[in-house]
Amino acid sequence: MRSPEPGRRALLDAGRALLGSENLSKVSVNAITAGAGMAKGSFYQHWPSREEYLLALHREFHDTLFARVRGAIADLPPGAERLRTGIDVYLDGCLADPATKALLVQARTDAGLGGEVAHRNALAADIATEDLTAIGWPDPHPVAVLLIAAIAETALLELDATAPRPDLRAALLELARR
């Protein structure tokens with residue numbers, strides 16, 4: 001039996017490419033399969049619905065970013081330097097991926113992705129909480145939640161600028177340091 005991975009990968013790649021120029025709500029199964037050079041029926045061999053597909057795209061996007069962040073901070077003790085490194089790796093990853101805007105902003109308003117967005121933000125806040133604790137915040141978790149929101153907003157501003165915004169990145173760290 002042939003592995004489903006090449007077809008699944010082609011469909012995910014086609015969706016990522018479409019999200020670089022299309023609104024999340026406008027990405028259709030027809031456009032995805034056309035982009036992958038596959039028949040529409042092949043889509044449903046991998047996902048039962050468009051919503052499940054979008055969830056898979058969202059998860060893959062964040063899994064990739066989180067793996068990069070975790071790899072970059074793995075040997076650093078909690079604190080300001082680890083936080084800075086994690087923020088930079090995350091923002092650089094967002095800036096490099098044309099699908100970022102759709103998967104960060106538009107995913108927030110998609111009812112099927114709302115729970116996943118909240119889950120990913122909570123995971124990121126847990127990591128940031130460790131750093132904020134080391135920095136000296138007495139109640140770091142609420143600050144971490146707000147910092148994660150500010151980091152996501154910075155990602156969008158950098159996408160609009162098509163370049164890193166060192167001023168915003170420095171401000172994020174300054175906020176974290178109090």
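Residues are numbered from 1 along each chain as its sequence is written, and side-chain values rest on heavy atoms, with hydrogens and water left out. Because the model is predicted, local features need pLDDT of at least 70 and side-chain atom pairs count only at pLDDT 80 or more, whereas totals for chains, interfaces and linings use all residues.

In the model, residues 5-65 are 75% helix and 0% strand, with the end C-alpha atoms 21 Å apart. For residues 28-47 the figures are 75% helix and 0% strand, and the end C-alpha atoms lie 13 Å apart. Helices (H or I, at least four residues) and strands (E, at least two) are taken as DSSP runs, numbered from the N terminus.

Next come the aromatic rings. A pair of aromatic rings is described by the distance of the centres and the angle of the planes. Rings of Phe, Tyr and Trp (its six-membered ring) are paired if their centres lie within 6.5 Å; planes under 30 degrees apart count as stacked, over 60 as edge-to-face and the rest as tilted. A search of the whole structure gives 4 aromatic pairs. In one of them, the ring centres of phenylalanine 43 and tryptophan 47 are 5.6 Å apart and the planes stand at 45°, so this pair is tilted. Phenylalanine 43 and tryptophan 47 are both buried, where buried means under 20% relative accessible area, exposed over 50% and partly exposed in between (1.4 Å probe, protein chains only). Phenylalanine 43 also pairs with tyrosine 53, again in a tilted arrangement, at 5.1 Å centre to centre and 55° between the planes. Since phenylalanine 43 lies in helix H3 (residues 40-46) and tyrosine 53 in helix H4, this pair ties together parts that are 10 residues apart in sequence. Both phenylalanine 43 and tyrosine 53 are buried. Ring pairs link Phe43, Tyr44, Trp47 and Tyr53 into a cluster.

Helix H4 (residues 50-73) has a further partner in helix H7 (residues 114-135): the two axes come within 11 Å and cross at roughly 5°. H4 is therefore roughly parallel to H7. Axes here are lines fitted to C-alpha atoms, for helices over the stretch in contact, and angles run from 0 to 180 degrees between N-to-C directions. Angles under 35 degrees count as roughly parallel, over 145 as roughly antiparallel, 65 to 115 as roughly perpendicular and the rest as oblique. On the H4 side, Leu55, His58, Arg59, His62, Asp63, Phe66, Arg70 and Ile73 meet Glu116, Val117, Arg120, Leu123, Ala124 and Ile127 of H7, contact meaning heavy atoms within 4.5 Å. The residues of this contact comprise 7 nonpolar, 2 polar and 5 charged. In that scheme Ala, Val, Leu, Ile, Met, Phe, Trp, Tyr, Cys and Pro count as nonpolar, Asp, Glu, Lys and Arg as charged, and the others, Gly among them, as polar.

Arginine 120, in helix H7, deserves a look of its own. With 7% relative accessibility, arginine 120 counts as buried. Neighbours within four places in sequence aside, arginine 120 is in contact with His58, Arg59, His62, Asp63 and Phe66.

The axes of H8 and H9 come within 10 Å and cross at roughly 175°, so H8 and H9 are roughly antiparallel to each other. Leu147, Ala150, Ile151, Thr154, Leu157 and Glu158 of H8 make the contact with Leu168, Arg169, Leu172 and Ala176 of H9. By class, the residues of the H8 and H9 contact are 7 nonpolar, 1 polar and 2 charged.

Backbone angles come next. Most residues other than glycine have a negative phi. Threonine 162, in the loop between helix H8 (140-161) and helix H9 (166-177), has a positive phi of about 55° although it is not a glycine. At 66% relative accessibility, threonine 162 counts as exposed. Arginine 178, in the segment after H9, likewise has a positive phi, of about 80°, and counts as exposed at 55% relative accessibility.

Finally, proline 98 sits in the loop between helix H5 (80-96) and helix H6 (100-109) and is exposed, with a relative accessible area of 56%. Leaving aside neighbours within four places in sequence, proline 98 is in contact with Leu19 and Gly20.
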